[in-house]
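Let's take a walk through this model together, with the structure open beside the text. We will go from charged pairs to the ligand and then to a pair of helices.

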Amino acid sequence: MRFLVVGELNPDLILCDYRSFPVLGQEVLVEDLELMLGSASAICAVGLARLGNTVRMASKVGTDQWGDFCVHALTDAGVDTSFVKRDPRSKTGLTVSITGPKDRALVTYLGAIATFHAADVDARAADGCGHLHVSSYFLQQGLQQDCRALFAAAHARGLTTSLDPGFDPSEKWAGGLRETLGETDVFFPNEVELRGLGGSQDPVECLRRLDNGHTLIVAKLGAAGCTALDRGNPVHVPAFPVKPVDTTGAGDSFNAGFLHAWTQGMPVQESLRFGAACGALSTRAMGGTGGQASLEEAEAMIHATVGN
Ligand code: ADP
């Protein structure tokens, strides 16, 4: 399948293992650092490519070194970047992650992420593609406004569509999302996002409240697995047992696995299983893309755990 991923693109600068957490007016030391490809959309794009799909990404970055880094990282992963716009008036966004053994703090400069609009996406980007995916709906306030129209145009051209909301920094969980879901075939909230959107502690109750009769809603529930409402009936797949090294990007890798299976016409339960295997395998290495599954690895994990 040929995929078009439209969305944000930025590096993550990870400052690993702080000796003490930073406080104003003081300098603290960390044990290591890594510069990695960040952003939910890009991690999903790389996950799809790793599974053997043809993937194109449409995005916007600056003409700075961070933008170069992102484009090179995508190209190295086999993702077509010919529709990644380089805008000399924007700075590429960046997330700094200060990590410790128990938790981490994230600081993000949005830069080009905030000024990216559907109008930045050349209509030819969808040529030859069968599916369009967008992540980080709430973070991308420019793209958010036109997302429904972008999806409607994709539907008119015969593509299927999927959306990952990402966290809503305003925690209002609005932003025209329900209208956008009218043009969305698959929707991928995680547990926190599902609760914010559905207003209940019970994932299945949230799925029922969000059900619009058209969108397949897939709830990602971390180590508790995933649940979807398939024509009104809850379908649950447990998580594969792994010892996670870093869960960054597990949800985006799950999306890639689910979409790989679902766009081939696999039933919902099998697609959930494929997503869960890709989510679990992605946690075996640092960063969003370091541990992502190949097709053989995902199939081997499913086969070893649940048989055919
Ligand atoms: P997000 O990264 O969007 O918050 P989740 O944490 O729910 O999403 O992870 C997505 C999927 O990845 C889960 O539904 C699960 O299948 C898999 N996964 C995540 N964390 C683990 C884990 N600790 N063990 C096994 N599988 C996991």
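Is Lys-60 buried or exposed? Lys-60 is buried, because its relative accessible area is 7%, and a residue counts as buried when that value is under 20%. Please keep in mind that this is a predicted model.

Asp-87 and Lys-60 are both buried.

Lys-60 also forms a salt bridge with Asp-120, and here the closest N and O atoms are 3.9 Å apart. Again distant parts of the chain are linked: Lys-60 sits in strand β4, whereas Asp-120 is in the loop between α3 (112–115) and β8 (131–134), 60 residues apart. Asp-120 has a relative accessibility of 16%, so it counts as buried.

How many salt bridges does the structure hold? There are 13 salt bridges in the structure. One of them pairs Arg-124 with Asp-122, where the closest N and O atoms are 2.6 Å apart. Arg-124 counts as exposed because its relative accessibility is 52%, and Asp-122, with a relative accessible area of 29%, is partly exposed. Elsewhere, salt bridges with shared partners join Lys-60, Lys-85, Asp-87, Arg-89 and Asp-120 into one network.

## Around the ligand

Which residues come nearest to the ligand? Of the 16 residues around the ligand, these are Asn-190, Gly-222, Gly-225, Phe-240 and Gly-251. Three of these names return when we look at polar atoms. The side chain of Asn-190 has an N or O atom 2.9 Å from an oxygen atom of the ligand. Gly-222 places a backbone N or O atom 2.7 Å from a ligand oxygen atom, and a polar backbone atom of Gly-251 is 2.9 Å from an oxygen atom of the ligand. Taken alone the ligand exposes 550 Å², of which the protein buries 83%.

Helices also take part in this shell: α8 and α9 each supply at least two of its residues.

## Helix α8

Why can α8 be called largely enclosed by the rest of the structure? The reason is that 11 of its 13 residues are buried. Among the buried residues of α8 are Ala-250, Asp-252, Ser-253, Phe-254, Gly-257 and Phe-258.

Gly-275 belongs to helix α9 (residues 268–282), and it is buried, with a relative accessible area of 0%. Beyond its neighbours within four places in sequence, Gly-275 is in contact with Phe-254, Gly-257 and Phe-258, which are buried residues of α8.

A polar atom of the Ser-282 side chain lies 2.8 Å from the backbone oxygen of Gly-279. Leaving aside neighbours within four places in sequence, the contacts of Ser-282 include Ala-250, Ser-253, Gly-287 and Gln-292.

## Glu-183 in its loop

Our last stop is Glu-183, in the loop between α5 (177–181) and β10 (186–187). At 17% relative accessibility, Glu-183 counts as buried. Which side chain makes a polar contact with the side chain of Glu-183? That partner is His-155, at 2.7 Å.

Apart from neighbours within four places in sequence, Glu-183 is in contact with Arg-148, Phe-151, Ala-152, His-155 and Thr-161. Glu-183 and His-214 are 31 residues apart in sequence, and their C-alpha atoms are 8.8 Å apart in space.

Definitions and conventions: Residues are numbered from 1 along each chain as its sequence is written. This is a predicted model: local features need pLDDT of at least 70, side-chain atom pairs count only at pLDDT 80 or more; totals for chains, interfaces and linings use all residues. Side-chain values use heavy atoms; hydrogens and water are left out. Helices (H or I, at least four residues) and strands (E, at least two) are DSSP runs, numbered from the N terminus. Buried means under 20% relative accessible area, exposed over 50%, partly exposed in between (1.4 Å probe, protein chains only). Contact means heavy atoms within 4.5 Å. A salt bridge is a side-chain nitrogen of Lys or Arg within 4 Å of a carboxyl oxygen of Asp or Glu. A residue is near a molecule or strand if one of its heavy atoms lies within 4 Å of it. A polar contact is a pair of N or O atoms within 3.5 Å; within protein, one must be able to donate a hydrogen and the other to accept it, and residues adjacent in sequence count only if both atoms are side-chain atoms. Accessible areas come from the Shrake-Rupley method with a 1.4 Å probe; for residues, only the protein chains shown count as cover.
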